[in-house]
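Please study the sequence and the three-dimensional model shown here before reading on. The paragraphs that follow lead through it step by step.

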Amino acid sequence: LEQMGAAVTQEDDWLDVSASRLTGQTISFARSSVGATENVLLAAVLAEGVTVIRGAAMEPEIGELCRLLGRM
């Protein structure tokens, strides 16, 4: 998310993420992660430009999320 322009700060057990504007980027994961893939997909919907995710998780729920976001 920082690569897309978000500010990320850690507060005890959680992360605080904020951005006034996000820009599309190529995001590469060393290991696939469902949660990370979902978060980048959700951010990419609001980002300006194109986002490419390399090493994305391929579980069925990721495909469902993509279809949902496409319909929205």
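This is a predicted model: local features need pLDDT of at least 70, side-chain atom pairs count only at pLDDT 80 or more; totals for chains, interfaces and linings use all residues.

Leaving aside its neighbours within four places in sequence, Thr-37 is in contact with Phe-29, Ile-53, Ala-56, Ala-57 and Ile-62. Thr-37 itself belongs to helix α1. Is this residue buried or exposed? Its relative accessible area is 1%, and because buried means under 20%, Thr-37 counts as buried. The side chain of Thr-37 also reaches the backbone oxygen of Ser-33, at 2.8 Å.

Ser-33 leads on to the start of the helix. There, a side-chain oxygen of Ser-33 comes to within 3.2 Å of the backbone nitrogen of Ala-36. The backbone oxygen of Ser-33, as noted, is reached by the side chain of Thr-37.

The helix as a whole may now be considered. Helix α1 comprises residues 34-46, that is, 13 residues. At 1.5 Å a residue the helix should span 18 Å, and its end C-alpha atoms are 19 Å apart, which agrees. Which residues of α1 are buried? They are Thr-37, Val-40, Leu-41 and Ala-43. An α-helix has 3.6 residues a turn, so residues three or four places apart point the same way. The cover over the buried residues of α1 includes β3 (26-28), β4 (52-54) and α2 (60-71).

Helix α2 contains a salt bridge. A search of the whole structure finds two such bridges. In one of them, Arg-67 is paired with Glu-64, and the closest N and O atoms are 2.9 Å apart. Both residues lie in helix α2, three residues apart, about one turn of the helix. Arg-67 is partly exposed, with a relative accessible area of 42%, and Glu-64 is likewise partly exposed, at 48%.

Arg-21 and Glu-48 also form a salt bridge, with their closest N and O atoms 3.2 Å apart. This pair links distant parts of the chain: Arg-21 is in the loop between β2 and β3, whereas Glu-48 is in the loop between α1 and β4, 27 residues apart. Glu-48 is partly exposed, with a relative accessible area of 46%.

Another loop, between β4 and α2, holds Glu-59. At 34% relative accessibility, Glu-59 counts as partly exposed. Glu-59 and Ser-32 are 27 residues apart along the chain, and their C-alpha atoms are separated by 10.0 Å.

Most residues other than glycine have a negative phi. Asp-12, although not a glycine, has a positive phi of about 50°. Is Asp-12 buried or exposed? Its relative accessibility is 66%, and since exposed means over 50%, Asp-12 counts as exposed.

Strand β2 comprises residues 14-18 and includes Val-17. Val-17 is partly exposed, with a relative accessible area of 38%. Together with Leu-1 and Leu-15, Val-17 forms a nonpolar patch on the surface. The accessible area of these residues together is about 240 Å².

Terms used: Residues are numbered from 1 along each chain as its sequence is written. Side-chain values use heavy atoms; hydrogens and water are left out. Patches are made of residues with over 30% relative accessible area and no salt bridge: like charges are joined within 9 Å, nonpolar side chains (Val, Leu, Ile, Met, Phe, Trp, Tyr) within 5 Å. Accessible areas come from the Shrake-Rupley method with a 1.4 Å probe; for residues, only the protein chains shown count as cover. A salt bridge is a side-chain nitrogen of Lys or Arg within 4 Å of a carboxyl oxygen of Asp or Glu. Helices (H or I, at least four residues) and strands (E, at least two) are DSSP runs, numbered from the N terminus. Buried means under 20% relative accessible area, exposed over 50%, partly exposed in between (1.4 Å probe, protein chains only). The expected span of a helix is 1.5 Å times one less than its number of residues. Contact means heavy atoms within 4.5 Å. A polar contact is a pair of N or O atoms within 3.5 Å; within protein, one must be able to donate a hydrogen and the other to accept it, and residues adjacent in sequence count only if both atoms are side-chain atoms.
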